[in-house]
Amino acid sequence: FQDNIKNYLELTGQTGEGGKKLSSNTEASGRFHTDWLSMMYPRLKLAKNLLSADGVIFISIDDNEVQDLRALADEVFGPENFVATVVWQKVYSPKNSARHFSEDHDYIVVFAREAALWVPEQLARTPEMEARYDNPDEDPRGSWKAGDMSARNYYGAGTYSVTSPSGRVIAGPPPGRYWAIAKEKFDQLNLDGRIWWGANGGNTPAVKRFLSEVKAGKVPQTLWTYKDAGHNQEGKKELMELLPFADSDDVFETPKPTRLVKRILEIATHPESNDIVMDFFAGSGTTAHAVIAQNAGDGGRRRTISVQLNAPLAKTAVLTDGAELRTLSDITKERLRRAGKKIKDENPMFAGDLGFRVFKLDSSNIRAWEPDRDDLPKTLEESVEHLKTNRTEADILYELLLKLGLDLCVPIEQKKIAGKTVHSIGGGVLLACLAEKITRDEVEPLAQGIVAWHKALAPAGDTTCVFRDSAFADDVAKTNLAAILNQHGLANVRSL
C-alpha cells in the first residue's frame, strides 16, 4: 500500500487543491483496514493450504474488523464453507467508563476447509443438564424427562383425541397446536410405557425421553458465556500465575483464557486422534497451553504448533524471579515451559518429555552453490566444506529430519560410540553421526558400535545412516565404514 495520506485524501475526494479539506469529517481509516487485510490475506491462504480436508479454522476477532474478516474468509475459503459466527462473552462485568456501550463480547468466525466433510464433536453434558432427568415412576429403563408431545407446525394426522389412564378424555392438542406423532405411533409408545400422564394419570400426555437413549453430548451453540468459556480477566490471571511480572504494565491486557481454547478443542478435535492444532498468532501461548492441559485431562494425543514473530517488546519485561523477556516470543516460550512443568507436576502419569521444541526460521545449514566466475579456484576451495561452520550438530540434525520427512518431535537418543556422538531418531529409523572428523583407525570401532546399537534398537523399518562427508580422513575411510555397515544389513548409508 504505497500511497501517502495526502494523496489518499485527494483521490477519495476528501481534500481539494492545496490539501484544503472539503469535509470536516476526513477519514483515513480505510488505509488501516487495507493494511490489516493485506496482512491477513496471505496467512489465511496458507492456513487453508495447511488444513486437512476435514479441517476447520476458528478466528477470534472484535467488532472493528469482523465484517472485513468475513468478506476475506468468504473469498479464501468460499462462502459455502462458512460454518458459524460464535459470540463469546469476554468480560464478566460492564465497563462503566465506556462512552457509548460496554463491549462485552468478541466473535469467533468458523470456516471449514470443506463444510460437507467437517462434523463438530458434541460438548459434554453438564451436571445441570443431567439433573433435568428423573425417574418418578421408577421406570426400569432409568432416568427420563418429559418432552412436549405437541408442535406448532400443522400435521394432518395430529388432531386425534386421547384417553388418559384416569379415564379423562382429551379431545385434542392445545389450541393452535398439533400432536407431533400419529395415533398409531402414540398407541405404540403408550403401550410401551413411554407416555407420561402425570402423577395422577390425568395430565396432557408427554413423551418420556430416557437419558440412556439421548446423545452423549450436546450440539455446540453460537453463544458462549464467560461461565462456559472463560473471560479476559481469567486469561490474565492464568498468565500472571505462570509469569509473575514485576511491573503490571508488562502484562497482556486481553489474553485469551485456556477455557476458551479448550472449548474449541472439544468441538474440533478428538482425544484419540493425532490432530494438529496450529496457532499462527501465538501471543502469550494460550493455545499450546490449552492443548497440553486438554491432553492431560482426557489422555489425548493432540499435537500443537505455535508461530510467533520475534517482535521486540516496548521495554524488557522482568519477572519477580529475575528472568528477563525482551520479545513477544520470549513470553510465549517461557509461558509454555512453565505451563508444561506445572501440568507435569499436577499429573504424575505424564512421564518424560512433553515434546516442547523451539525452532527459529533460518537459512539452510548447507552452503548454496554460488560460483564466482571471476575466481573459480577460490569458489572451489570454499566449497570443500559445504556445511556452514557456524552451525551446531543440532542445527544440522533437524534440517536432516526435515529433508527426510521425519517429524520434528520424534524421540531422539544420543550415545557415545568410539568417542563420537551418534543420534538415534525414531527408535533407530535414522542413525546420524555428524562428527567433524573420523580417522581410518576410528572407522571400524565406530561402525561395529553402530551395528550393535542398531540390533539393540531393532527398528520396525529400514534404517538410514548419515555422516558428514567432510569428516572422513579420505575416501578409503568412508568406503570401509560403508562396507562394514552394509555387511550387517545397513545398506542405506548416506553422507552430507
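This is a predicted model: local features need pLDDT of at least 70, side-chain atom pairs count only at pLDDT 80 or more; totals for chains, interfaces and linings use all residues.
Helix H9 passes helix H10 in a right-handed crossing. H9 covers residues 286–298 and H10 covers residues 328–346. Two packed helices are described by the angle between their axes and the distance between the axes. Here the axes come within 10 Å and cross at roughly 15 degrees. Angles under 35 degrees count as roughly parallel, so H9 is roughly parallel to H10.

The residues that make this contact can be listed from each side. H9 contributes Thr-286, Ala-288, His-289, Ile-292, Ala-293 and Ala-296. On H10, the residues they meet are Arg-335, Leu-336, Ala-339 and Ile-343. Sorted by class, the contact of H9 with H10 has seven nonpolar residues, two polar ones and one charged one.

The next element is a sheet. Three strands form an open sheet with antiparallel pairing, in the order E5-E11-E10. Strand E5 (144–148) and strand E10 (195–196) are the edge strands, each pairing on one side only. E10 runs antiparallel to strand E11, residues 206–210, and two bridges join them. Within E11, Ala-206 stands opposite Trp-196.

These parts belong to a chain with 14 helices and 22 strands. What is the radius of gyration of the chain, and what does the globule rule give for 496 residues? The radius is 33 Å, well over the 23 Å from the rule, so the chain is more spread out than a compact globule. The C-alpha trace spans about 105 × 80 × 50 Å along the principal axes of the chain.

Methods:
Residues are numbered from 1 along each chain as its sequence is written. Side-chain values use heavy atoms; hydrogens and water are left out. Two strands pair if DSSP finds at least two bridges between them. Helices (H or I, at least four residues) and strands (E, at least two) are DSSP runs, numbered from the N terminus. Axes are lines fitted to C-alpha atoms, for helices over the stretch in contact, and angles run from 0 to 180 degrees between N-to-C directions. Angles under 35 degrees count as roughly parallel, over 145 as roughly antiparallel, 65 to 115 as roughly perpendicular and the rest as oblique. A crossing is left-handed if the near helix is turned anticlockwise from the far one by less than a right angle, and right-handed if clockwise. Contact means heavy atoms within 4.5 Å. Ala, Val, Leu, Ile, Met, Phe, Trp, Tyr, Cys and Pro count as nonpolar, Asp, Glu, Lys and Arg as charged, and the others, Gly among them, as polar. The radius of gyration is taken over C-alpha atoms; the globule rule is 2.2 Å times the number of residues to the power 0.38.
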